[in-house]
Amino acid sequence: MASPDIRFPSIEGLRAFEAAARLGSFERAAEELNVTASAIGKRIAALEDLLGTPLFTRGPKALSLTATGKEYLAQVGAALGLLAAVPLHRRTAQRAERLRVSAPPTFARQILVPALEHFTAAHPQVELEVVLSIPYLDAAATEADVEVRHGDPTSHAGLPLLDEQVLPMAAPALLQRLPALAEPRDLREAPLLRTPLEPWSPWFTAAGLDWGEPALGTKLVDLGLTLEAAVSGQGIALARPSLARHWLATGALVPLFRVAAPPAFRYYLLPHAAQGPAAAFARWLRGECELATQAAAALVSGRP
């Protein structure tokens, strides 16, 4: 039995170290293990912290092992070889490929999850895990293989998703209680729902209105909650049609006016492994986003 003062490193950390040392870069190790280069870096950093010594010399060129790293690599290689030789560790069936996907809540609920069966049916070997991030706090799940973010377009290096514009929409019951909304300036006395994730300023500018952000009413720090508040007749929401497709299709929400505007913030797909399940999922997700925007555009094309 091991001494209680021994701290064992994780298998993931050891595999990341061995692959990076053998292949000479975090990126190549990430491709082999079907994770992101960032995940490889975090696993190796955790391993170095546990050991209390650096294993790599990081520079502008390829990674190089420290003296301790070279000695440790031989030991880790032998240990992993022993574990790989255990018969119970070998599967006769096709090995499941794990894939962790991180996305903001409303994107996950309205875009990702409704279509997820299409991906899982086409890739039964992928063991998929979906976790939620928090856009307003810029908090992402750790070590996600595929990550969707919502934020400032200039702050992300990934590919934009849901290429569409935002427009006001409201529940018919609310519109019946309000004076007729014939043109954008009629919104002056209407209850406008507030969220820092979808500010009204871009749409006000597109509508020719020199107005500041609404100052009254509850502030909802979630796009899904904002849409739910609109559906319940609490106010008028500024929203992407793709995220409101279900309610637009059932008539629970109706679009207002012809004016639309680019959103202040965008959804982005961050860099991921170029091969394996992460790449397959990213291709599928881009296609689903295109279908969602096309379907949403058809729903609002007949707005007055």
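At what angle do the axes of helix α1 and helix α4 cross? The model is predicted.

1. **Crossing of α1 and α4.** Helix α1 covers residues 11-23 and helix α4 covers residues 67-85. Their axes cross at roughly 120 degrees and come within 10 Å. Perpendicular pairs run from 65 to 115 degrees, and α1 and α4 are therefore oblique to each other. The crossing of this pair is left-handed.

2. **Residues between α1 and α4.** From α1, the contact takes Ile 11, Leu 14, Arg 15, Phe 17, Glu 18 and Ala 21. From α4 come Gly 69, Tyr 72, Leu 73, Val 76, Leu 80 and Leu 83. By class, the contact of α1 with α4 has nine nonpolar residues, one polar and two charged.

3. **α1 against α3.** Helix α1 also packs on α3, at an angle of about 110 degrees. The two axes are 8 Å apart. The pair α1 and α3 is therefore roughly perpendicular. On the α1 side, the residues are Glu 12, Gly 13, Leu 14, Ala 16, Phe 17 and Ala 20. They meet Ile 40, Arg 43, Ile 44 and Leu 47 of α3. The contact of α1 with α3 holds seven nonpolar, one polar and two charged residues.

4. **α2 against α3.** Helix α2 (residues 26-33) and helix α3 (residues 37-51) cross at roughly 105 degrees. Their axes come within 8 Å. This makes α2 and α3 roughly perpendicular to each other. Phe 26, Glu 27, Ala 29, Ala 30 and Leu 33 represent α2 in the contact. Helix α3 brings Ala 37, Ile 40, Gly 41 and Ile 44. Seven of the residues in the contact of α2 with α3 are nonpolar, one is polar and one is charged.

5. **Cavities.** Searching the whole structure gives three cavities of 30 Å³ or more. The largest cavity holds about 60 Å³ of space. Its lining consists of Glu 198, Leu 223, Thr 226, Leu 227, Leu 238, Ala 239, Arg 240 and Leu 243. Two elements, α8 (223-231) and β8 (237-239), each give two or more residues to this lining. Helix α8 gives the most, with three residues. By class, the lining of the largest cavity has five nonpolar, one polar and two charged residues.

6. **Second largest pocket.** The volume of the second largest pocket is about 200 Å³. Leu 187, Arg 188, Ala 190, Pro 191, Leu 192 and Phe 204 are among the residues that line this pocket. The lining also includes Trp 211, Gly 212, Glu 213, Pro 214, Ala 215 and Leu 216. Nine residues of the pocket lining are nonpolar, one is polar and two are charged.

Methods:
Residues are numbered from 1 along each chain as its sequence is written. This is a predicted model: local features need pLDDT of at least 70, side-chain atom pairs count only at pLDDT 80 or more; totals for chains, interfaces and linings use all residues. Side-chain values use heavy atoms; hydrogens and water are left out. On a 1 Å grid over the protein atoms alone, a cavity is a set of points where a 1.4 Å probe fits but cannot get out, and a pocket is an open set with protein on both sides within 12 Å along at least five of seven lines; lining residues have an atom within 4 Å of a point. Grid points are joined across faces, edges and corners, and a volume is the space filled by probe spheres set on the points. Helices (H or I, at least four residues) and strands (E, at least two) are DSSP runs, numbered from the N terminus. Ala, Val, Leu, Ile, Met, Phe, Trp, Tyr, Cys and Pro count as nonpolar, Asp, Glu, Lys and Arg as charged, and the others, Gly among them, as polar. Axes are lines fitted to C-alpha atoms, for helices over the stretch in contact, and angles run from 0 to 180 degrees between N-to-C directions. Angles under 35 degrees count as roughly parallel, over 145 as roughly antiparallel, 65 to 115 as roughly perpendicular and the rest as oblique. A crossing is left-handed if the near helix is turned anticlockwise from the far one by less than a right angle, and right-handed if clockwise. Contact means heavy atoms within 4.5 Å.
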